[in-house]
Amino acid sequence: MSATLRVKTSRRTELLDITRDVQRAIRETGVQSGLCHLYVPHTTAGITINENADPDVPRDIEAAMDRLVPKDGPYKHYEGNADAHIKSTLTGVSLSVEIDGGELRLGHWQGIFFCEYDGPRQREVRVRVVRDDLS
Ligand code: ZN
């Protein structure tokens with residue numbers, strides 16, 4: 001069972017909470033127990049899990065990523081977005097979350113964030129839901 005989420009970002013560096021969209025995609029599969037695998041098919045974006053209770057947390061991560069890997073640096077890549085490629089590699093482009101009772105089994109303060117590093121753009125997140133054999 002698979003789906004593709006469309007993500008529209010509005011800033012160059014932006015962590016976007018997609019937890020509800022992922023949860024909706026899981027509900028549509030009807031799977032109660034299994035694994036949800038998320039994959040970002042882009043080279044200047046990523047995906048991560050972190051706190052979504054305090055909106056300052058994703059803003060702090062965005063600012064820290066921009067400080068760690070500045071846009072202008074001694075890069076060779078001709079496109080001018082080497083920082084975004086590096087941030088993508090630091091973040092990673094896939095993750096998996098358990099599904100229990102038809103719900104994502106995240107920690108209490110956790111949310112799933114799409115990480116934009118070369119926006120604003122239209123992006124995709126591929127969702128693959130794998131049902132447990134015994135469910
Ligand atoms: Zn590039």
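1. Let's start at the end of a helix: α3 is followed by glycine 92, which has a positive phi, near 95°. Most residues other than glycine have a negative phi. Helices here are DSSP runs of H or I with at least four residues, strands are runs of E with at least two, and both are numbered from the N terminus.

2. A word on the ground rules: this is a predicted model, in which local features need pLDDT of at least 70 and side-chain atom pairs count only at pLDDT 80 or more, while totals for chains, interfaces and linings use all residues. Residues are numbered from 1 along each chain as its sequence is written, and side-chain values use heavy atoms, with hydrogens and water left out.

3. Helix α3 covers residues 82–91, and its buried residues are Ala82, Asp83, Ala84, Lys87 and Ser88. These buried residues pack against β4 and α2. Buried means under 20% relative accessible area, exposed over 50%, and partly exposed in between (1.4 Å probe, protein chains only).

4. Now the metal. The zinc ion has His77 (NE2), Glu79 (OE), Asn81 (OD1) and His85 (NE2) as its protein donors, lying 1.9 to 2.2 Å from it. Donors are N, O and S atoms within 2.8 Å of the metal (3.2 Å for Na, K and Ca); water is not among the atoms, so sites may look incomplete. In sequence, the spacing of the donor residues reads H-x1-E-x1-N-x3-H. The arrangement is irregular because the four donor atoms subtend angles of 90 to 146° around the zinc ion; four donors count as tetrahedral if all angles lie between 85 and 135 degrees. Histidine 77 is partly exposed, with a relative accessible area of 29%, and histidine 85 is partly exposed at 23%.

5. Aspartate 118 deserves a look too: it lies in the loop between β7 and β8 and is buried, with a relative accessible area of 13%. Contact means heavy atoms within 4.5 Å. The loop between β7 and β8 also holds proline 120, which is joined to glycine 119 by a cis peptide bond with omega about -5°.

6. Next, an open sheet of three strands in the order β2-β7-β4, with antiparallel pairing. Two strands pair if DSSP finds at least two bridges between them. β2 (14–17) and β4 stand at the edges with a single partner strand each, so one side of each has no neighbour in the sheet. Four bridges join β2 to β7, and leucine 15 has cysteine 115 in β7 as its bridge partner. Helix α2 (residues 56–68) lies across β2, β4 and β7, running at about 150° to β2; axes are lines fitted to C-alpha atoms, for helices over the stretch in contact, and angles run from 0 to 180 degrees between N-to-C directions.

7. The largest nonpolar core has 21 residues, of which Ile18, Val22, Cys36, Leu38, Ile47, Ile112 and Val125 touch the most other members. Such a core is a set of buried Ala, Val, Leu, Ile, Met, Phe, Trp, Tyr and Cys residues joined through side-chain atoms within 4.5 Å. Apart from this core lies another, of six residues, among them Leu15, Met65, Cys115 and Tyr117.

Key
Four donors count as tetrahedral if all angles lie between 85 and 135 degrees; four count as square planar and six as octahedral if opposite donors are over 155 degrees apart and all others between 65 and 115; anything else is irregular.
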